[in-house]
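Morning, everyone. Please have a look at this one on the screen.

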Amino acid sequence: MKKIFAGLIFILFNVHVTLGGYMIGLLPDFVGYLLVAAGLKEVWQEEGVFENLVPLALELAVFTGVIYLIRLLPMTRREGLLAVLDVLATLCFLVMVYKIVGGVKALEKKHLCTLSTRRLMPLAIGYAVCNAGALLIALTGSVLAAVVAIIGLAAAFVFVVTFYDTTNKYRYLQHI
């Protein structure tokens with residue numbers, strides 16, 4: 001699950017550098033989805049839900065890779081298109097996280113333990129709603145978008161910390 005955790009960091013935290021009108025992502029989402037797919041492959045023998053998620057993670061790697069390339073191209077008037085694509089990517093991310101948390105819930109039942117799933121899903125939904133909301137509000141030019149984005153960033157941070165706890169608990173189970 002460490003690779004899933006690392007992939008989530010890439011997906012949730014977008015760090016960009018702008019050079020001469022080009023936006024370069026330092027933590028590209030497509031790399032995160034490739035890491036998530038690799039992590040899912042490591043745990044799918046324990047829970048079948050994870051095996052079914054590998055194609056979704058790979059499809060999202062391609063989709064977000066296309067978004068990454070669009071951002072690299074010197075185009076004008078692409079912000080609306082990118083906002084729509086980002087909202088779609090966020091919704092797909094939420095579906096994937098929902099299914100990952102479902103797989104972790106199945107592991108909880110299988111091992112009769114707690115892996116913090118009760119906290120993970122509300123945090124993921126909070127992040128996704130804030131991220132999509134900030135993107136849509138930003139289209140109106142409102143300063144409120146920044147406030148919503150900061151709340152989403154806080155939810156993402158708490159989600160990652162909670163998933164790290166889940167990863168540690170799962171690793172402990174493997175050593176028992």
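A disulfide here is a pair of cysteine sulfur atoms within 2.5 Å. By that rule, the count is zero. C92 is in none; its nearest cysteine sulfur, on C130, sits 19 Å away.

Some ground rules. This is a predicted model: local features need pLDDT of at least 70, side-chain atom pairs count only at pLDDT 80 or more, and totals for chains, interfaces and linings use all residues. Numbering runs from 1 along each chain as its sequence is written, and side-chain values use heavy atoms, leaving out hydrogens and water.

Next, accessibility. Buried means under 20% relative accessible area, exposed over 50%, partly exposed in between, with a 1.4 Å probe and protein chains only. C92, at 29%, is partly exposed. C130, at 13%, is buried.

Salt bridges next: a side-chain nitrogen of Lys or Arg within 4 Å of a carboxyl oxygen of Asp or Glu. The whole structure has four. One of them joins K3 and E42, at 3.0 Å, N to O. K3 lies in helix α1 and E42 in helix α2, so the pair ties together parts 39 residues apart in sequence. Helices are DSSP runs of H or I, at least four residues, numbered from the N terminus.

R71 pairs with D86; their closest N and O atoms are 2.5 Å apart. R71 is in helix α3, D86 in helix α4. R71 is buried at 17%. D86 is buried too, at 14%.

Last, α3 itself. It bends by about 30° at V54, and P55 follows within four residues. The bend is the angle between axes fitted to the seven residues ending there and the seven starting there.

Methods. Helix = DSSP H or I, 4+ residues; strand = E, 2+ residues; numbered from the N terminus.
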